[in-house]
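Hello,

Here is the structure I promised to pass on. Please open it first, then read my notes below.

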Amino acid sequence: MSEESEKIQKDKERIESRTEVVGKQATLGGENIELREFKNLKEKRELKEQVLSLFNNEMIRSIIVPREIDNNIRGNKLDRQYARGRDVNDTMSRADMFAKKDILTLSTFPATLTMAYVNLLTKEGDSVFDAFMGHNSRAEDVLSLGRKYYGYDIHSFPVEFTKKAIERFPQEDWELNYGSSEKVKYEDESMDFSLTCPPYFDVEPYNKIYGEEKQDDLSSKDDTDFIFSYYQCIKETYRVLKKGSYFVIIVGDTHKGEKYRSLMLETIKICSILGFQLHDINIYNRKSNIGGDMNYKNFILKSKRFPTIHEFILIFKK
């Protein structure tokens, strides 16, 4: 066998070892030739279809998702808008700890995150617990995905706002609790999953925003009291979760004067003490700084820091 023939034979053997026959096709000359494709290609396609079906035909390779493709289509939400030239009767005034402008809205939780982690880590009919409910931050999305929702909040506005958003869903699939999640009424290991987002220290002081004086308001506490109450809330979350279930919490780090305050590190520390295992850490790109609009150049020059435009997504397993 010539050197060229030997090379052709080796190439043929290599191709045959990596592919499989999936059919035959007649050529114009009447010859039937084999149709080949790489082995496991069908299996790979099926796996891809399974992933796509989880996320509404979106291929989520990473959870770092820009805000403009967030697809937040909740029926009841607060829109981000400025005071100048706008009707403000139906908005909540926000106290912005960073900006010099007042923004007439509260921060919005990305619907993409709810969709991604609820679909990935739960199944239809599962019970989802939320220790820091907020103004329809996750409730409508969770229920739209065929899960049950149980949330806590100490302020009346988020409870009433969320209730209006989810009234169309069966009453037996949700329950909104008006009170602190430092002590919740649910049985041990009664919940299948938890997804939440706590106050970021005092970035949004909710007592001031809502015009209510609640002693249990985390955002109105000093650092020491905040961490103690925060610990109690996560402790209750751990208690009500079933063994083997997941806990996803979205947190952001903040600055106060010269002090950098890492809620991410504090959360990992608390969860580790309680018995959670750290499963993963992802990052979400908000594309704007936590705390509202501000003079970026002035912030960089004065504080010698770049503005925070991301949040940490901490995934724990019980």
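**The whole chain**

The protein chain exposes about 18000 Å². Carbon and sulfur atoms supply 50% of that area. Keep in mind that this is a predicted model.

How many helices and strands does the protein chain have? The secondary structure comes to nine helices and eleven strands. The chain has 318 residues, and 47% of them are buried. Now take the contacts between residues at least 6 apart in sequence. Of these, 70% join residues at least 24 apart.

Look at helix H2, residues 41-54. H2 has 14 residues. From its first C-alpha to its last, H2 reaches 20 Å. That is close to the 20 Å expected at 1.5 Å a residue. Asn 56 follows H2. The phi of Asn 56 is positive, near 55°.

Next, find Ser 127. This residue lies in strand S3, which covers residues 127-130. Is Ser 127 buried or exposed? Its relative accessibility is 11%. Buried means under 20%, so Ser 127 counts as buried.

Which residues does Ser 127 touch, leaving aside its neighbours within four places in sequence? Ser 127 is in contact with Lys 148, Tyr 150, Ser 190, Met 191, Asp 192 and Phe 193. Check Arg 147 as well. Ser 127 and Arg 147 are 20 residues apart in sequence. In space, the two are 6.1 Å apart, C-alpha to C-alpha.

Best wishes

Conventions
Residues are numbered from 1 along each chain as its sequence is written. This is a predicted model: local features need pLDDT of at least 70, side-chain atom pairs count only at pLDDT 80 or more; totals for chains, interfaces and linings use all residues. Side-chain values use heavy atoms; hydrogens and water are left out. Helices (H or I, at least four residues) and strands (E, at least two) are DSSP runs, numbered from the N terminus. Buried means under 20% relative accessible area, exposed over 50%, partly exposed in between (1.4 Å probe, protein chains only). Contact means heavy atoms within 4.5 Å. The expected span of a helix is 1.5 Å times one less than its number of residues. Accessible areas come from the Shrake-Rupley method with a 1.4 Å probe; for residues, only the protein chains shown count as cover.
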